[in-house]
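Look over the sequence and the model first, then read on.

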Amino acid sequence: GYAVARAAREAGAQVLLVSGPTALPTPFGVQRIDVETAQQMFDAVMARVAQAQVFIATAAVADWRPAQVAAQKQKKSPDAPQPAIALQTNPDILASVAALPQPPYCVGFAAESENLIAHAAAKRARKNVPLLVGNLGPDTFGLDDNRLELFDASGHHPLGAGRKIDLARRLVAEVARRLEASDSPAQTPPGR
Ligand code: C5P
């Protein structure tokens, strides 16, 4: 996410980064809004997304949150049963943005642990986004390098392997190309 924000800014975009807690420095020229929970991220995105031309969802948002939050430390005692933690589903931010009446160009991410091609293609269709970036999560967590695959309506294409910042620059160029293509009338002659 931070590499993509930096690459988009370098390419000339005005970038608003809605970020969970991290030690990473904010990329130069990027405006950052800090959030701590999935609900806060949802609220921060939904309040501002109408002004966005592109929405890139890179956050690994928790799918569930505890249904109840204890105000005080929960003390253990020798006779008490194991506590159960009931969960409640978090809103899906990407799917919610993509379902807006006039959505920005939406790009999703999928970090899978197996069957990347099948899972990522299904995810793109389920969340109804034009472009989804897939990778095998365990191969990349905490590293500077990654290997990405792009999924769109016509199938999947490798974006290549390399340092995250280089892949982010390639992704931003790819998004810019697709935006321009979707703006151009079909009869535009080649070489415009
Ligand atoms: O369903 P899954 O979490 O694998 O989908 C990943 C994609 O959906 C990512 O782009 C992620 O940022 C986005 N997402 C979201 N809100 C959620 C869960 C995932 O925007 N609650």
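## A proline in a loop

Pro103 counts as partly exposed, because its relative accessibility is 39%, between the cut-offs of 20% and 50%. The model is a predicted one. Pro103 sits in the loop that links α3 and β6. Setting aside neighbours within four places in sequence, its contacts are Val97 and Ala98.

Pro103 and Pro91 are twelve residues apart in sequence. Their C-alpha atoms are 17 Å apart in space.

## The ligand site

How many residues are around the ligand, and which come nearest? There are 13, and the nearest are Ala57, Ala59, Leu94, Phe109 and Lys123. Three elements each supply at least two residues of this shell: α3 (93–98), β6 (105–112) and α4 (116–127).

A backbone N or O atom of Ala57 is 2.6 Å from a ligand oxygen. A polar backbone atom of Phe109 is 2.8 Å from an oxygen atom of the ligand. On its own, the ligand has 450 Å² of accessible area, and the protein covers 87% of that.

Glu112 belongs to strand β6. Is Glu112 buried or exposed? Glu112 counts as buried, because its relative accessibility is 10%, and the cut-off for buried is under 20%.

The side chain of Glu112 has a polar contact of 2.8 Å with the side chain of Lys123. Lys123 is also among the residues that come nearest to the ligand. Beyond four places in sequence, Glu112 is in contact with His119, Ala120, Lys123, Asn135, Leu136, Gly137 and Pro138.

## Helix α2 and its cover

Helix α2 covers residues 38–48. Its buried residues are Ala38, Met41, Phe42, Ala44 and Val45.

What covers these buried residues of α2? The cover includes the strands β1 (16–19), β2 (31–34) and β3 (54–57), along with α3. Helix α3 also supplies at least two residues of the ligand shell.

## Two asparagines with positive phi

Asn115 is not a glycine, yet its phi is positive, at about 45 degrees. Asn115 is placed in the loop between β6 and α4.

Asn128 also has a positive phi, near 60 degrees, and is likewise a residue other than glycine. Asn128 lies in the loop between α4 and β7 (131–136). Asn128 counts as exposed because its relative accessible area is 56%, and exposed means over 50%.

## The whole chain

The protein chain has five helices and nine strands. Along the sequence they follow the pattern α-β-β-α-β-β-β-α-β-α-β-β-β-α. The C-alpha trace spans about 75 × 35 × 35 Å along its principal axes.

Of the 192 residues, 33% count as buried. Take the contacts between residues at least 6 apart in sequence: 46% of them join residues at least 24 apart. The accessible surface comes to about 12600 Å², and carbon and sulfur atoms account for 53% of this. The chain has 20 positive and 18 negative side chains. The centres of the two sets lie 3 Å apart.

Terms used: Residues are numbered from 1 along each chain as its sequence is written. This is a predicted model: local features need pLDDT of at least 70, side-chain atom pairs count only at pLDDT 80 or more; totals for chains, interfaces and linings use all residues. Side-chain values use heavy atoms; hydrogens and water are left out. Helices (H or I, at least four residues) and strands (E, at least two) are DSSP runs, numbered from the N terminus. Buried means under 20% relative accessible area, exposed over 50%, partly exposed in between (1.4 Å probe, protein chains only). Contact means heavy atoms within 4.5 Å. Accessible areas come from the Shrake-Rupley method with a 1.4 Å probe; for residues, only the protein chains shown count as cover. Lys and Arg count as positive and Asp and Glu as negative; His and the chain ends are not counted. The place of a charge is taken as NZ of Lys, CZ of Arg, CG of Asp or CD of Glu. A residue is near a molecule or strand if one of its heavy atoms lies within 4 Å of it. A polar contact is a pair of N or O atoms within 3.5 Å; within protein, one must be able to donate a hydrogen and the other to accept it, and residues adjacent in sequence count only if both atoms are side-chain atoms.
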